[in-house]
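Welcome, and thanks for joining this tour. Please open the model in your viewer and keep the selection tool at hand.

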Amino acid sequence: MHIPDGFINGATSLGAGVVAASSLAAGLRRAGRVLQDRQIPLAGLLAAFVFVLQMLNFPVVGGMSGHLLGGALAALLVGPWIGLVVMTVVIGVQALLFADGGLSALGLNVINMGLLTVATGWLAFRFLMIVLPKNSTSILTAGAFGAWLSVVVSSLGFVGEYSIGGVGNASLSTVLAAMAGTHALIGIGEGLITAGVLGAVLAVRPDLVHGARIFGISRADTTLLSRRRVALFVAGGVAVAALLVTVVAPLASDDPDGLERVAIDQGFADEAQDHSLGDSPLAGYDVQGVEGDRMGTVVAGLIGLGATFVAGVAFMIVVRGKRVRSNH
Amino acid sequence: MAGTHTHALFVHGDSELHRLPASPKLGALGLFVLAVVLTPREAIGAFGVHAGLVLLGAWIAGLKPMFMARRLLIEIPFVLFAIFLPFVGGGERIEVVGLSLSIEGLWGGWNIVAKATLGLAASVVLTATTTVPDILSGLDRLRVPRLITSIAGFMVRYLDVIAGEMHRMRMAMLSRGHNPRWIWQLKAYTASAGALFIRSYERGERVYYAMTARGFTGRIPTFDEKARPADWARALSLPAIAWFAAGWGVVAG
Amino acid sequence: MSIPALEVEGLSYHYPDGTEVLRDASFHIHPGERVALLGPNGAGKTTLVFHLNGIFRPERGSVTVAGLPVEDANLMEIRRRVGIVFQDPDDQLFMPTVRQDVAFGPANYGLEGDELEERVTAALSAVGMLNVADRPPHHLSLGQRRRVAVATVLAMRPEIVVLDEPSSNLDPASRRELAAILTSLEITMLMVTHDLPYALELCPRALVMNEGSIIADGPTKEILSDRDLMKANRLELPMGFDPNLAS
């Protein structure tokens, strides 16, 4: 989801731009040590690879399709620093050349789809690898989990930015949990594909997978996760999604939002306060008739989950329609 | 594979805007978008000025209305979201032809549609009048790190090549009767994506060899355009008006 | 006798896994010669090519270009003297426009301004591609891209041009046009190819390479007429092609 101009207010967008620019600078500095001459064309080729993967629809259910974010995959394939630089370039080119995502929102998009996905994917992977045995099955398992989490965290980034500077005013922990819940479902696809691609590369050129190289894994024992593991992974994702929507969302709505507290501390108090009053579009969950009723919130959450999916389908249809037209 | 055709973005022409060097145009676009984003949503007049400026740019560039309209389709998902807002928004409501709409939601929706459309339209005018290589060297002029513009250059150069490889693999799969519709049929998709990564990586190495063979030592030479102060002055005249309108909107609001 | 444009002496090389790719390969090429390098897949031709400009280093033996040995100290000068045209022009044409791509080499050697511009114009004119100078390389046909790839190398004013499979995948018209351009260039040339009629048309002399060594060296027509030699090295002429009747 590329944020356009005007979706998030100017101050927040500029702030995000500063954060994104510093993360890129850090990435360049750190990558610079490994990014020798030979890796400049390589990084460009990888950026093109990620771009093509993002455009490529994979099947989800009955012909409906999704596409990859790719940040976690990039981090595992080429390491987090080059991965961050590559993702930033991809998002920058999308904004500047393809007008995909607003120019003023470039920082926001780099944070959500680059910084957060790369960092989450990589850190979750490293963290899991501490406890998992050092073999190729673990690489795929940890990679799939990292990719799944990266999608969830990326959506939280979006909600966070929206709650700080959303001009359509919506800020609710309920929304937060609902978004996270939806993306816990969407992330299953990202996880499976990330593991699948890693497996395919490990089978042929294990030396090209950064995440395997650092653990000295030069041979793939298996190139695919077992059916049982895949089933577990999917079930886990669905369970987390359901939990977030039915339990955490209603609970969270009773407490003041952590993000809003941050917003108040940061001096966005006025705007954030307005939002927390519930006068916001998506606060319709609570406001319209079922205020305080936990069961009502649960239902609202589930409806929200469904609505988001319907919106997703509509989006896909629109995007696919456009692709077909431009496919000469 | 559709969508990667960067040459579909550029419209050949010999207008004033086509002739301007890329760096002042990029600077003007950035400043214009910023002015739009900072304009208070109640300043309808200022948005009128912004829209007039974009239309003026498109007219100078000789862009056809249909071309602009087609490129604007990309924002449809956000327009849908914006249309959604007045119905679910809280606060005071008004009746419009029998529908109860949230005033806050109406403003929110208007704000998103207006700013996203203006930002998008301005970007479209830029990419329609500036070739990709010129945009890259313009970014170089604007002090975007060389490493970034170099990587972006390689990326744009090889987009079509890699998309073509992916397309051929897909055709090969289809030819053998594989047309996946369900997520558990992903194995072939991930296998080809994996193969695509390896091919991209190996091509990256070959490109590096080809560069080395022509004396590459780590620094890609630039062939940047020279923008004169007069070019900057002309390019910046448009965002200057936008900033004036935005400022007037802030003061008046 | 003049100094050879290229002299390869006792070149040997193993892959890291121990496979012997080059085995005591020796030959030399004089200025102005056009020589074909023939041999089956896996004969070591590409490995040999990468030795000529120092991308690979010999384990034993030496490579000398117009009197200058391939060594660390003179790598830059060697790479200017040896121009390699890669098989896939997409690997070679990596800059955003044709003009910038042709300028890439000379610019690395410090050329700039009008001098650089002249160099680029001359190289593009030599291959008849000046009219596409400002287009991105990936919008050109394969035949055009291969001609531009030749120009990127010509712009460096090399002592010798090495072409890797220049005629592969070209349609007959592009193949013929490229041949006309290559013969018009008056430059020392080493051409690696499986296209034997092309070798006969363009190169008066041919080398046959197999299992890492130079097996035969002589006039192209004689080599192509030697049935036993051809058969022993998996070289085959197209059906009905008689080297003695051609050209």
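This is a predicted model: local features need pLDDT of at least 70, side-chain atom pairs count only at pLDDT 80 or more; totals for chains, interfaces and linings use all residues.

## Two domains in chain B

Where they touch, four residues come from domain 1 of chain B and five residues from domain 2 of chain B. On the domain 1 side of that contact you will find three nonpolar residues, one polar residue and no charged residues.

## A pair of helices in chain B

Stay in chain B and select helix α2 (residues 22-38) together with helix α6 (residues 103-129). Angles over 145 degrees count as roughly antiparallel, so α2(B) is roughly antiparallel to α6(B).

Now show the side chains where the helices meet. From α2(B), pick B:Lys25, B:Leu29, B:Phe32, B:Val33, B:Val36 and B:Val37. Their counterparts in α6(B) are B:Lys115, B:Leu118, B:Gly119, B:Ala122, B:Ser123 and B:Leu126. Sorted by class, this contact has eight nonpolar, two polar and two charged residues.

Next, select A:Val93, which you will find in helix α4 (residues 80-98) of chain A. Is A:Val93 buried or exposed? A residue counts as buried if 20 or more other C-beta atoms lie within 10 Å of its own; A:Val93 has 24, so A:Val93 is buried.

Leaving aside neighbours within four places in sequence, which residues is A:Val93 in contact with? They are B:Ala152, B:Met155 and B:Val156.

Move to chain C and select its open sheet of six strands, which has the order β6-β7-β8-β3-β9-β10 and mixed pairing. Its edge strands are β6 (82-85) and β10 (213-219) of chain C, and each pairs on one side only. From one strand to the next, the twist averages 20°.

Helix α1 (residues 45-52) of chain C packs on this sheet, touching β3 (34-38), β6, β7, β8 (188-192) and β9 (205-210) of chain C. The direction of α1 makes about 150° with that of β7(C).

Let us walk across some of the strands:

- β6(C) pairs with strand β7 (residues 160-164) of chain C in the parallel sense, over four bridges. Look for C:Val82, whose bridge partner in β7(C) is C:Ile160.
- β3(C) and β9(C) also pair in the parallel sense, over four bridges. Here C:Val35 stands opposite C:Arg205 in β9(C).
- β9(C) and β10(C) pair in the antiparallel sense, over six bridges. C:Asn210 has C:Ser213 in β10(C) as its bridge partner.

β9(C) is mostly covered, with five of its six residues buried.

The next stops have a positive phi.

- C:Glu211 sits in the hairpin of β9(C) and β10(C), which has two residues between the strands, and takes a positive phi near 50°.
- C:Asp24 is in strand β2 (residues 20-29) of chain C, with phi near 55°. C:Asp24 has 13 other C-beta atoms within 10 Å, so C:Asp24 is partly exposed.
- C:Ala66 lies in the loop between β4 (60-65) and β5 (68-69) of chain C, with a positive phi of about 45°. C:Ala66 has 19 C-beta neighbours inside 10 Å and therefore counts as partly exposed.

For the last stop, select C:Gly67, in the loop between β4 and β5 of chain C. With 12 other C-beta atoms within 10 Å, C:Gly67 is exposed. C:Gly67 and C:Glu7 are 60 residues apart along the chain, and their C-alpha atoms are separated by 8.3 Å.

Conventions: Residues are numbered from 1 along each chain as its sequence is written. Chains are lettered from A and ligands numbered from 1 in the order in which they are written. Axes are lines fitted to C-alpha atoms, for helices over the stretch in contact, and angles run from 0 to 180 degrees between N-to-C directions. Angles under 35 degrees count as roughly parallel, over 145 as roughly antiparallel, 65 to 115 as roughly perpendicular and the rest as oblique. Two residues are in contact if their C-beta atoms, placed from the backbone, lie within 7 Å. Ala, Val, Leu, Ile, Met, Phe, Trp, Tyr, Cys and Pro count as nonpolar, Asp, Glu, Lys and Arg as charged, and the others, Gly among them, as polar. Two strands pair if DSSP finds at least two bridges between them.
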